Amino acid sequence: MAENVKAARKALDLSQEVLALEADIDRTYVSGIERGRRNPSLTMIAKLAERLKTTPAALLTPPDFR
């Protein structure tokens, strides 16, 4: 999931700060997700997916299975 969030964010040319602001979370939480140090809830995954213009499934699918 970490790689997928980071890739989706970069594809939209968003900084961690902007994503955090728009998702109403702390920037350090976004960083933790992208580094695999945080395990977001399904609600948070859905919120991030919406902002990143993707689906929760796309964020959760390991890159090797695409």
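Aspartate 24 is exposed, with a relative accessible area of 65% (exposed means over 50%, buried under 20% and partly exposed in between, using a 1.4 Å probe and protein chains only). The structure is a predicted model, in which local features need pLDDT of at least 70, side-chain atom pairs count only at pLDDT 80 or more, and totals for chains, interfaces and linings use all residues. Residues are numbered from 1 along each chain as its sequence is written, and side-chain values use heavy atoms, leaving out hydrogens and water.

Aspartate 24 sits in the loop between H2 and helix H3 (27-34), and its phi is positive, near 60 degrees, although the residue is not glycine. Most residues other than glycine have a negative phi. Aspartate 13 also has a positive phi, of about 55 degrees, without being a glycine. This aspartate 13 belongs to the loop between helix H1 (2-11) and helix H2 (16-23) and is exposed, at a relative accessible area of 70%.

Stepping back to the whole chain, there are five helices and zero strands (DSSP runs numbered from the N terminus, with H or I of at least four residues for helices and E of at least two for strands). With 66 residues, a compact globule would have a radius of gyration near 11 Å, and the chain agrees with its 10 Å (taken over C-alpha atoms; the rule is 2.2 Å times the number of residues to the power 0.38). The C-alpha atoms fill a box of roughly 30 × 20 × 20 Å along the principal axes, and buried residues make up 35% of the 66.
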